[in-house]
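Have the model open while you read.

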Amino acid sequence: MPARERVPALNPPAARPAEPPEPPRSDPAEAAALAADAPGALRLLREGALTVHGRLTDASNAALYCTVTAADGRAAQAVYKPVAGERPLWDFPDGTLAGREVAAYELSAATGWGLVPPTVLREGPHGPGMVQLWVEPDPHAAPLLALQDPGGPEDGWLPIVRAEVGDGRTALLVHPDDVRLRRLAVLDAVLNNADRKGGHLIPAADGRLYGIDHGVTFNTEGKLRTLLWGWAGQPLPAEAAEVLAGLAGQLDGALGERLAPHLTAAELDAARARVAALLATGTHPLPSEDWPSIPWPPI
């Protein structure tokens, strides 16, 4: 999976332009260790000073690559998405995407699966916004997507969709039958994630898997759009059913209170209804016939 692209800091032009400094990079192992230490990561993200190095050019809204530095000198890389940089969308209220990212983190944390990097809402150099720990992808991780013979997936892989690959040829886009991806598919069904692209899957150096970019979630209308359709219609694992049952209770309690500042009452009720529907059917959801099921671009 390709790493997310970074650009150098945008400085005022000098008389004779010079090569800008390379922005700091995260060590994959150190970033993974900090992401696994949620309390420590959240404290650093809330209290540390933000230094912006540049903009992530593959993001549709303003997403800034930063260093967050604590008073004692501890530092990590992070993504800062200011509310002021959000592009208006016809189906989401203006200025709410950062809060939805935080709500997605809170719900993920409540599952115990830890599928979203530590995320906070705080003031930054360009106003309030979402700040999320940067998890450097493991360069040695096994692929999470592949193109295979259109006749059927290889052992251990599940089909997503047939894709045109040029010259009239097709291939089968597949993902592995991986418990981490399956958990993320369940989480996305609860979040009503409208944009689960391949580039939003980050394998960490410690073997964990993280999903990023959750601004278009929690809509009251069914908008699930994802590449993780390999289990569509299949029974939910017992683990998932247990987690969903726990979420149902938490959404009526402390978790619901934590989500309430970021979502409308109707959106919170819709999240409860999605959990109830998953428990009632006991199966992974099927693609909608009224809404595109695959994000574009898919990667």
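## How the pieces pack

The crossing of H5 and H7 is left-handed, meaning that the near helix is turned anticlockwise from the far one by less than a right angle (clockwise would be right-handed). Before going further, note that this is a predicted model, where local features need pLDDT of at least 70, side-chain atom pairs count only at pLDDT 80 or more, and totals for chains, interfaces and linings use all residues. Residues are numbered from 1 along each chain as its sequence is written, and side-chain values use heavy atoms, with hydrogens and water left out. The helix and strand labels are DSSP runs numbered from the N terminus (helices are H or I with at least four residues, strands are E with at least two).

Back to that first pair. H5 covers residues 238-251 and H7 covers residues 265-281; their axes are 10 Å apart and the packing angle is about 150 degrees. That makes H5 roughly antiparallel to H7. Axes here are lines fitted to C-alpha atoms, for helices over the stretch in contact, and angles run from 0 to 180 degrees between N-to-C directions. As for the wording, under 35 degrees is roughly parallel, over 145 roughly antiparallel, 65 to 115 roughly perpendicular, and the rest oblique.

Which residues in H5 and H7 meet? From H5 come Ala241, Leu244, Ala245, Ala248 and Leu251, and from H7 come Leu268, Ala271, Arg272, Val275, Leu278 and Leu279. Contact means heavy atoms within 4.5 Å. By class, the H5 and H7 contact has 10 nonpolar residues, no polar ones and one charged. The classes go like this: Ala, Val, Leu, Ile, Met, Phe, Trp, Tyr, Cys and Pro are nonpolar, Asp, Glu, Lys and Arg are charged, and the others, Gly among them, are polar.

H7 also meets H4 (residues 179-191), with axes that come within 8 Å and cross at roughly 130 degrees. H4 and H7 are therefore oblique to each other. Ala189, Val190 and Leu191 of H4 touch Arg274, Val275 and Leu278 of H7, and the contact splits into five nonpolar, no polar and one charged residue.

At the other helix pair, H1 (residues 28-36) packs on H2 (residues 38-47) at about 100 degrees, with axes 5 Å apart. That makes H1 roughly perpendicular to H2. Leu34, Ala35 and Ala36 of H1 make the contact with Ala38, Gly40, Ala41 and Leu44 of H2. The tally there is six nonpolar, one polar and no charged residues.

Now the sheets, where two strands pair if DSSP finds at least two bridges between them. Here they are side by side:

| S1-S2-S3-S5-S4 | antiparallel | 40 degrees |

S1 and S2 run antiparallel and are joined by six bridges, and Val52 has Cys66 in S2 as its bridge partner. H2 packs on this sheet, touching S1, S2, S3 (75-82), S4 and S5, and its direction makes about 15 degrees with that of S4. H3 (residues 97-111) lies across S3, S4 and S5, running at about 150 degrees to S4.

S7 (residues 157-166) and S8 (residues 169-176) pair antiparallel over eight bridges. Trp157 is bridged to Pro176 in S8, while Leu158 stands opposite His175. Two residues lie between the strands of this hairpin, and Asp167 takes a positive phi near 55 degrees.

How many aromatic pairs does a search of the whole structure find? It finds one. The rings of Tyr65 and Trp134 have centres 4.9 Å apart and planes at 75 degrees, so the pair is edge-to-face. Rings of Phe, Tyr and Trp (its six-membered ring) pair if their centres lie within 6.5 Å; planes under 30 degrees apart are stacked, over 60 edge-to-face, and the rest tilted. Tyr65 is in S2 (residues 64-69) and Trp134 is in the loop between S5 (127-133) and S6, so the pair links distant parts of the chain, 69 residues apart.
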